[in-house]
Amino acid sequence: MATTASTTAAASLASVTLEVADPEAAAVFYGAFGVDTYVHLKAAEGPVTDGFRGFTLALTVSGPATVDGFVSAAVDAGATVLKPAAKSLWGYGGVLRAPDGTIWKIATSAKKDTGPATREIDEVVLLLGVEDVKATKQFYVEQGLSAAKSFGGKYAEFAPGTGSVKLALYKRRGLAKDLGVTDDGADAGTNAHHLVLGSSGGSFTDLDGFVWEGAGK
């Protein structure tokens, strides 16, 4: 059963920074993909690993034609399709991997188009794959984030603040399965996520090694 808490966050996800091997090339890709306003880029300090990194960024859009448009733009810019866009129980969507290795999911709850394709994004969600959703949810609440919807120990999300990306939690292995990739644990850990989260509060590292940096860092 879903539960809902306060919708006003005392702290929130303020930004998402991807650590990439080539920031200039990644900037070109994300501009062509159409999501460059939602992510920051920085050069990775060490080798950028392949494989599942424990998270995905998801776009929610208005209909199947818009899903197809974003997938097509990403593929034309160099992305690899992991799961072709298709109908499912929940709607229509597909999964792709950007040239820098970040996995993106593009989806809609609609199964039929009610209007023409657009380049509009309804919502961007950062899904973190975690070992214990309940424990990590409580950890974030203690950091000042405000919990919103949750589904037992399988999924939880937090009320968005001033940031443009919503934060949500999903079981790590379940997330990998949903994305169509293998989770062998090889890329688990702080140095392998290639992701830095901007916090409207202080700096901390969560239970699964995701690093948050406070404002001014």
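In this predicted model, Thr-136 belongs to helix α3, which covers residues 133-142. The relative accessible area of Thr-136 is 1%, under the 20% limit for a buried residue, and Thr-136 is therefore classed as buried. A polar atom of the Thr-136 side chain lies 3.0 Å from the backbone oxygen of Asp-132. When neighbours within four places in sequence are set aside, the contacts of Thr-136 are Val-130, Leu-169, Asp-206, Leu-207 and Asp-208.

Nonpolar side chains tend to be buried together in soluble globular proteins. In the model, the largest nonpolar core contains 46 residues. Tyr-30, Phe-33, Trp-104, Leu-126, Leu-128 and Tyr-140 have the most contacts inside this core. For Trp-104, residues up to four places away in sequence were not counted; the residues touched include Tyr-30, Phe-33, Val-35 and Val-39, as well as Thr-56, Leu-57, Leu-59 and Gly-94. Twelve residues form a second, separate core, among them Val-95, Tyr-155, Ala-168 and Leu-175.

The largest pocket has a volume of about 1,100 Å³. Its lining consists of 30 residues, of which Trp-90, Lys-105, Ala-107, Leu-127 and Asp-178 are the closest to the pocket centre. By residue class, the lining comprises 14 nonpolar, seven polar and nine charged residues. Several strands contribute at least two lining residues each, including β4 (55-60), β5 (80-88), β6 (91-97) and β7 (103-108). The strands β8 (123-130), β9 (147-151), β10 (155-158) and β11 (166-171) also each supply at least two residues of this lining.

Definitions and conventions: Residues numbered from 1 in each chain as written. Predicted model: local features only at pLDDT ≥ 70, side-chain atom pairs only at ≥ 80, totals over all residues. Heavy atoms only, no water. 1 Å grid on protein atoms, 1.4 Å probe; cavity = no way out; pocket = protein on both sides within 12 Å on 5 of 7 lines; lining within 4 Å. Points joined across faces, edges and corners; volume = space filled by probe spheres on them. Helix = DSSP H or I, 4+ residues; strand = E, 2+ residues; numbered from the N terminus. Nonpolar A, V, L, I, M, F, W, Y, C, P; charged D, E, K, R; others polar. Core = buried A, V, L, I, M, F, W, Y, C linked by side-chain atoms within 4.5 Å. Buried < 20%, exposed > 50% of the residue type's maximum accessible area, 1.4 Å probe, protein only. Contact = heavy atoms within 4.5 Å. Polar contact = N/O pair within 3.5 Å; in protein donor to acceptor, adjacent residues only side chain to side chain.
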